[in-house]
Amino acid sequence: MAKHVEGLTERTLGFYRISITRMFADIGKDYDEITTDQLRYYFGVREMRDHVSKVTIDNERRNLSAFYTWARRERIITDNPIERIPRVKCRRQKKKAFSGMEIEMIRNACKDERDKAFVEVLISTWCRVGEIVLMKISEIKEDSIIVHGKGEKDRIVYFNARAKFAIDQYLEKRTDHNDYLFPRGMFVNGRSKIFQSFKGKKRKELHGWWKIKDLVDPEGHIDIASMESIIRDIGKKAGVTDCHPHRFRRT
């Protein structure tokens, strides 16, 4: 509740919750009984047993440090067992961007107007996938849109001519009234109406469900995992390895 009041997003609160509950479950002791050596051992086990990276270890260390710093500030504990564990040094590797040829191969592999809009928005705006799924049609102003970014920070990003054309072409095919730029499919009693409607048909026939009004959720947006899956499929069809949304941001 304290972190919620400070204005942290639900996503960040989720990371805190996972890190803290996992640590308690693994060590098997209460918060005021855990020692520095037990935490060091826990991080070592995480790295060797669970094969997590040093970046993940340091992120978890930072989350647990925030918890224990808060607990001491609130006078719930007198000693902070994690303050003697320094930041984990991580090797910083330069991650690969797409080449110009790969971008054209990805464009050529798009199946329909929605795929093209996905790709062109990623190329043009440099937005995170979590920002793109929250984009609303009503917030598009000619060649720009307000993005609700990481840390509750809003900013304006711009569409180049190619992205704007792709968006216009895509919206012309939409028949629903959902305000999200990329809506999600309709669910009835927890089951996808899309799969029920296309039962027995080939997967490629399923792809254009977003053009059918009754199959589009009137309010919800596509989720991050679904968009990542679509981009991976486009990359696979294009023959481009390691194709994911964040790589467009790097590019």
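**What are the numbers of nonpolar, polar and charged residues in the lining of the largest pocket?** The views below answer this and show other parts of the chain. This is a predicted model, in which local features need pLDDT of at least 70, side-chain atom pairs count only at pLDDT 80 or more, and totals for chains, interfaces and linings use all residues. Residues are numbered from 1 along each chain as its sequence is written, and side-chain values use heavy atoms, with hydrogens and water left out.

**View 1. The whole chain has twelve helices and seven strands.** Helices (H or I, at least four residues) and strands (E, at least two) are DSSP runs, numbered from the N terminus. The C-alpha trace spans about 60 × 45 × 40 Å along its principal axes. The chain has 251 residues, and 39% of them count as buried. Buried means under 20% relative accessible area, exposed means over 50%, and partly exposed lies in between (1.4 Å probe, protein chains only).

**View 2. The largest pocket has a volume of about 1200 Å³.** The search uses a 1 Å grid over the protein atoms alone. A pocket is an open set of points with protein on both sides within 12 Å along at least five of seven lines; a cavity is a set where a 1.4 Å probe fits but cannot get out. Grid points are joined across faces, edges and corners, and the volume is the space filled by probe spheres set on the points. Lining residues have an atom within 4 Å of a point. The largest pocket has 35 of them, and Arg11, Thr12, Phe15, Arg128 and Lys150 lie nearest its centre. By class, the lining holds ten nonpolar, 15 polar and ten charged residues. Here Ala, Val, Leu, Ile, Met, Phe, Trp, Tyr, Cys and Pro count as nonpolar; Asp, Glu, Lys and Arg count as charged; the others, Gly among them, count as polar.

View 3. Helix 2 (10-27) gives the largest share of the lining, seven residues.

**View 4. Three strands form an open antiparallel sheet in the order 1-2-3.** Strand 1 (140-141) and strand 3 (154-158) stand at the edges, each with a single partner strand, so one side of each has no neighbour in the sheet. Two strands pair if DSSP finds at least two bridges between them. Strands of a sheet pair through backbone hydrogen bonds, either parallel or antiparallel. Strand 2 (residues 144-148) is joined to strand 1 by two bridges. Isoleucine 140 has isoleucine 145 as its bridge partner, and lysine 141 has serine 144. Strand 2 and strand 3 pair over five bridges. In one of these strands, strand 3, arginine 155 is the bridge partner of valine 147.

**View 5. Glutamate 142 and arginine 75 have positive phi values.** Most residues other than glycine have a negative phi. Glutamate 142 is found in the loop between strand 1 and strand 2. This hairpin has two residues between the strands, and the phi of glutamate 142 is near 55 degrees. Glutamate 142 is exposed, with a relative accessible area of 70%. Arginine 75 is in the loop between helix 4 and helix 5 (100-109). Its phi is near 65 degrees. Arginine 75 is exposed too, at 74% relative accessible area.

**View 6. Ring pairs link Phe24, Phe67, Tyr68 and Trp70 into a cluster.** Rings of Phe, Tyr and Trp (its six-membered ring) pair if their centres lie within 6.5 Å. Planes under 30 degrees apart count as stacked, over 60 as edge-to-face and the rest as tilted. By this rule there are eight aromatic pairs.

**View 7. The charged end of lysine 136 sits over the ring of tyrosine 180.** The distance to the ring centre is 5.2 Å. A charge sits over a ring if NZ of Lys or CZ of Arg is within 6 Å of the ring centre and within 35 degrees of the ring normal.

**View 8. Phenylalanine 118 and alanine 71 are buried.** Phenylalanine 118 lies in helix 6 (residues 113-125). Its relative accessible area is 0%. Alanine 71 lies in helix 4, with 2% relative accessibility.
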